[in-house]
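These are my notebook entries on a structure I went through at the level of single residues and elements.

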Amino acid sequence: MKRLIAILGALLFIVAACSPGGQQTTAPQAKPQQQDKPQGEFRIALETLGSAAFDPAVAAWTAQLTHQFIYDTLIGLDADGNYEPKRSIAESWNASADGKTYTFKIRDGVTFSNGDKLTSEDVVYSFSRLKESWVTSPDAVVIAKNISSITAPDARTVVMTVAQPSLVWFSYLSTRSALVAAIIPKKHVESVGRETFNKTPIGSGPYKIEKNNPGVSLTLVPSADRHWDAGIPRWTKIDLSVVPEEATRRAMLQSGQVDAASISRGSIPQMTQAKMNILTNKDQLATFVVPFNTWQKNLPISDARVRKALSLAVDRESLCKNLLQGACETGWISMPYTWDPARKNFTGAKDWGYDPSQAKALLKEAGYADGFDIQLFSGALAGLAEAQDLNEAIAGMYRAIGLRAKITPIEYSAWVNSTWCVGPNRQDLPMSTMFLNPYGNRFWTMTHAAILYASDGRCTVAHDPALDAMIKAGQNAPTEEEYIKATTTLGEKIKSEALATMLFQTGPVFAADPAKLTEWKFPRIPNGLGLRNLASIPAPK
Amino acid sequence: MIGRVLAQRLVETLGALFIFSLIVFGLSRASGDPIGLLLPPDTPADIVAEVRHTLGLDAPLPVQLGIYYRDMLTLNFGNSLRSRLPVRDLIAERLPASLQLGGFALLWSVLLAFPVGVVSAARRGSRLDTGLQVFVATCLALPGFWFGLLLIGVFAVSLRLLPAGGSGSAANLVLPGITMVTFLFASLARLLRSSLLEVMGSQYVTVARAKGLAERVVLWRHALRNALIPVVTFGGTYVVTFISSAIVIETVFAWPGIGRLTLDALQGRDYPVMQALMLLTAALTSLVNLAVDLSYTVLDPRIRLGD
């Protein structure tokens, strides 16, 4: 027995040594340097690689994570998310006076990873196939519906005619909305078939697939010594592994099995103590509480004063600091104030405020001094491990102003399908229902705003002709100035009526071995992690 | 005789699989609509309808059922809703890892459980038996999730002897294997001990002793064989479980087996993958049960199939 106790004691000692305080990485902070050829391997453990589909025409919206390594898009973006011809497959473009016909000049000298030259014929093929009946990518369907015709008059020219001109059309042709506009090699796809291409694709991006175990791991190697956009690929090999359990990802990083790992925000202190670099983008994931059925007159939530009280009851700074370890940014609104996401010029978004006393006063003024029942749906959400804790905290804040907040656990898909996005005539909810909802910031276009705020939107929270008119004005805005004006007006309206309780923006968090990764430039675009930027960031010494 | 019994069992198995397939189909549809996970919430309604149509999710249930049976009978299993890759390929890629881990666990569990179970039964009530029983009970009580993380903490992070997760080398197999063996070995050892103790009280064992046979011979040659029947039944059932649904262990150690594929399919409402995996598990269970039944005739000649 004494021996058993001794063994258990030794085991506990070893476990204690494994704790954050016991394990200190002493690797020096690396300094960026130039490199003239790919060097070293980079291994990263991720919670998910998104959908395992590599054919842009069938990839689900979560698939774009790894596509950025493999494909180039017709329109490229600069670091701030602006359309940049120098980073586009189309090196220049112009539009007709009515905005319906675009002529793209295709970049010369771009090759696919199998050595085939990228031509205008590949561009035409990449978009034409999106009209086929088997296409399941939602953005592909949107693109296909709007393209009336697409032709290649010569090897370097593509003429595209659209049914509906729109200022945001280029979002779909770039990585801003999705990665559906990836250019794929016609000859290769036709020779290997769709199924093979979906698993082992060929693109013109800086890396190509060496090995793909769908949903498990992906190994990439440089597609050429130098890429026309990314330059010299930084790594000789990139290994991406799916490791679902976060504790295992942290252990793999601390034991040197990987060089970087995605972590939850709650693990930031532990990883910082272990001398890991923390890399995060606070600008990717929007979180807000959605009030339902604001148009139903018999519900407390239909009163703007009540909605404002709900907003004032939430201490965003506290949530951000205490539950997300500061890996978030308060003060935003899920509406675009410009069609350029880099220029978020709506200063009013900073003024959501936290004032429980005023919240109570507003409830009293609205006739709800004794509070009312309010239901918060809560569930595990991809990309926001802290979702349930946040819901608990928000419910507590609502209770502090006298509401009887009740949390109902629900699975995200079930909530979207059966509760939220059930069309514009949702009438069957007995109570005001809410959910903390995070997803990529796709509400940068009026198209998306229409779904959340227009009377006929699939996931609408409001039935208001004034809002409908504002959205319409934005959708039909002929110039960027008009668009900004329309979106600003709409944003003021959404904020003044508290049609959503905006919380904060956050994004994925990574811990990295400082000897391998010091910098990861996240793009200001809605989708993806900017994995492609790993291809060209400076290497540490 | 045995041919007729096997044919009869096969018919029964097919009947059971048919009923099971209907239950799987019904439950998968009842589990929720996959569209909410496939498309962003801000997808316009007309696009949602188009994608739903393309994926065949708007077809009447009898039509979907027909497609399901067509895919199953041709062993095609259809394409994953999420990745659009053939389900057959996805399973084929994961099955070897599951077989590897399940085989490792079974082999080591048997190798460890036999000496522990037999010695414990032979020395019933001794300090050694008590010690082994405490050890076995501890192994049974260890939650796989916690124990797995503990092993990672010690052997991967602290000692840096073994990889924390992943697959591809023999070293990767050690920690998930130990975690899996811990439970299976302890269950087998405990069952073997109680089964042996029951058998050791039988008349034929008393007769064997009365004949003057050595205790070792009585135990290993006469008692053990009869004590194996419940152990084989249990082991067979658990092997299927470990191959098909070792979800916790595969998740903790990022082991790319069928368990993780099942979990991903369930979370993503990937009907074709869910259905194929459930049926595969059912078919495997039926086959293993048949093999276990056949093994009874070897272990105990008094048992005849069809009796």
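Predicted model: local features only at pLDDT ≥ 70, side-chain atom pairs only at ≥ 80, totals over all residues.

I looked up F77(B) and found it buried, at a relative accessible area of 19%. I use buried for under 20% relative accessible area, exposed for over 50% and partly exposed for values in between, with a 1.4 Å probe and protein chains only. F77(B) is not a glycine, yet its phi is positive, about 65°. I placed F77(B) in the loop between α4 (61–73) and α5 of chain B. Helices here are DSSP runs of H or I with at least four residues, strands are runs of E with at least two, and both are numbered from the N terminus. R84(B) lies in the loop between α4 and α5 of chain B. R84(B) also has a positive phi, about 60°, although it is not a glycine. At 19% relative accessibility I count R84(B) as buried.

Residues are numbered from 1 along each chain as its sequence is written, chains are lettered from A and ligands numbered from 1 in the order in which they are written, and side-chain values use heavy atoms, with hydrogens and water left out.

I read α6(B) as residues 127–141, 15 residues in number. From first C-alpha to last it reaches 21 Å, close to the 21 Å expected at 1.5 Å a residue; the expected span is 1.5 Å times one less than the number of residues. Which residues of α6(B) are buried? I list D129(B), L132(B), V136(B) and C139(B). They sit on the same side of α6(B), because they cover an arc of only 90° around the axis. The arc is taken from the directions from the helix axis to the C-beta atoms. On the face turned away from the buried side of α6(B) I found the exposed residues R127(B) and A141(B). The cover over the buried residues of α6(B) includes α5 (87–122) and α8 (170–200) of chain B, where contact means heavy atoms within 4.5 Å.

I count a salt bridge when a side-chain nitrogen of Lys or Arg is within 4 Å of a carboxyl oxygen of Asp or Glu. The structure holds 25 of them over all chains. R9(B) forms one with E12(B), with the closest N and O atoms 3.9 Å apart. Both residues lie in helix α1 (residues 2–30) of chain B, three residues apart, about one turn of the helix. R9(B) is partly exposed at 21%, and E12(B) is partly exposed at 44%. R9(B) also meets D293(B) in a salt bridge, at 2.4 Å from N to O. D293(B) is in helix α13 (residues 271–299) of chain B and R9(B) in α1, so this pair ties together parts 284 residues apart in sequence.

I then looked up R52(B), which forms a salt bridge with D33(B), the closest N and O atoms being 2.5 Å apart. R52(B) is in helix α3 (residues 45–54) of chain B and D33(B) in the loop between α1 and α2 (35–38) of chain B, 19 residues apart. R52(B) is partly exposed at 23%, and D33(B) is partly exposed at 21%.

Two strands pair if DSSP finds at least two bridges between them. Strands β8 (residues 217–222) and β9 (residues 237–242) of chain A pair antiparallel over four bridges, and L220(A) stands opposite I238(A) in β9(A). β2(A) and β9(A) pair parallel over six bridges, with E41(A) opposite K237(A) in β9(A).
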